[in-house]
Amino acid sequence: MNRHKKIAMYTIFAFICVGMVGCGGCNPEPEPTNMSPTEGSELGGTPVTIEGDKFDMKNGVTVTFGGQQGENPVVISETEVTVVTPPGNVGESVEVVITNKGKPDVPVPLTQQFTYTDATLPTVVSTDPAEATVFSEYEDSLNVRNSLSVTFSEAIDPDSVMIEVAVAKTEDSLSEPAKATLAGTVSGSGDTFTFTTAEDEMSMRAGRMYTVTVSGAKDMAGNALANAHSFSFTITSPELVDKYYFVTEEDIQEVNGEEALKNIASRPEVYDNAELWKRIVEANQYQEDYIFDRTKLSAGQRLFIARGPAWGDK
């Protein structure tokens, strides 16, 4: 009886020893030492090479990035594995773990982490004015507005934003633009930037269509707009003054005489032509009910606005 017990014990012990020796050599733990690159797109898809030793060529390996499975892990040799990263969050550094698939499957983390970088292109999400806006109500036809703004999907490098404003006449305008584009400056920070017309240039006025083109904008990671973004808005021409025009403070601000009359004549509701200031003089100098002084106008003063074929109008 004792003899049989001893035989059984020796047999079990032998199996255990054989199993331990055999298993200890058949699938050792991987020994990763280096990973390249250590950063890549938040969208995933970055090919990564892991170097080290004892990678399982027979059964293969799994590689995880922050707990997410890497794509297409390939054991090139016992010392090299390639894998493609899954998606991640911008700026996040995650642990990378490699595991031999054979038993025992022991996860081994790398000493290096993988950092996800910004790869999303910025876009224009809104503008002021919005696309196809039509302005038909305003107080000053020569100065309806002097700025516009653009908002992006993320923070933008201030030195990269370019905004160009092209000018065209509307169908009912009496004049062509003096210049094809507006001069101005771009300012802003974060995700919103503003174009402001130059102080010595005319502001956005009535009887014009403005087409804005935004280009060059790069986010803080250097990703640029895929394509230039354009939008347009229109400021309609006002109705023509039927008979009398009343001088405003804006007409004579810091100027008077000929310059003030040019300001008035250039208004879209008057003649839309500064050179017709002489017509105002001619039409008003012989008025019977008041004395007209061409060198000194005053706010609220009434001016007769002459029109018709007799004055050369078609």
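Arg267 is buried in this predicted model. Its relative accessibility is 5%, which falls under the 20% limit and therefore places the residue in the buried class. Arg267 lies in the loop that connects α3 (258-265) with α4 (277-284). Its side chain makes a polar contact of 2.7 Å with the side chain of Asp140. Beyond the neighbours within four places in sequence, Arg267 contacts Asp140, Ser141, Leu142, Tyr245, Thr248, Glu250, Asp251 and Asp272.

Asp272, one of these partners of Arg267, also sits in the loop between α3 and α4. Asp272 is buried, because its relative accessible area is 7% and the limit for this class is 20%. The backbone at Asp272 has a positive phi, near 55°, although the residue is not glycine. Lys54 likewise is a non-glycine residue with a positive phi, in this case near 65°. Lys54 belongs to the loop between β3 (47-53) and β4 (61-65). With a relative accessibility of 35%, Lys54 is classed as partly exposed. In general, most residues other than glycine have a negative phi, and most peptide bonds are trans.

Two cis peptide bonds can be described next. One joins Lys103 and Pro104, with omega about -5°. Pro104 is located in the loop between β8 (93-100) and β9 (107-117). Another runs from Asp128 to Pro129, where omega is near 10°. Pro129 is placed in the loop between β10 (124-128) and β11.

Strand β11 also takes part in an open sheet. Four strands make up this sheet, in the order β11-β17-β16-β13, and their pairing is mixed. The edges are formed by β11 (133-135) and β13 (162-169), each of which pairs on one side only. On average, neighbouring strands of the sheet are turned by 20° against each other, direction ignored. Met209 has Thr234 of β17 as its bridge partner.

A further antiparallel pair is formed by β6 (residues 71-77) and β7 (residues 80-84). Four bridges connect β6 and β7. Val74 has its bridge partner in β7, namely Thr82. The two strands β6 and β7 form a hairpin, with two residues between them.

Note on methods:
Residues numbered from 1 in each chain as written. Predicted model: local features only at pLDDT ≥ 70, side-chain atom pairs only at ≥ 80, totals over all residues. Heavy atoms only, no water. Buried < 20%, exposed > 50% of the residue type's maximum accessible area, 1.4 Å probe, protein only. Polar contact = N/O pair within 3.5 Å; in protein donor to acceptor, adjacent residues only side chain to side chain. Contact = heavy atoms within 4.5 Å. Pairing = 2+ DSSP bridges. Axes fitted to C-alpha atoms, helices over the stretch in contact; angles between N-to-C directions.
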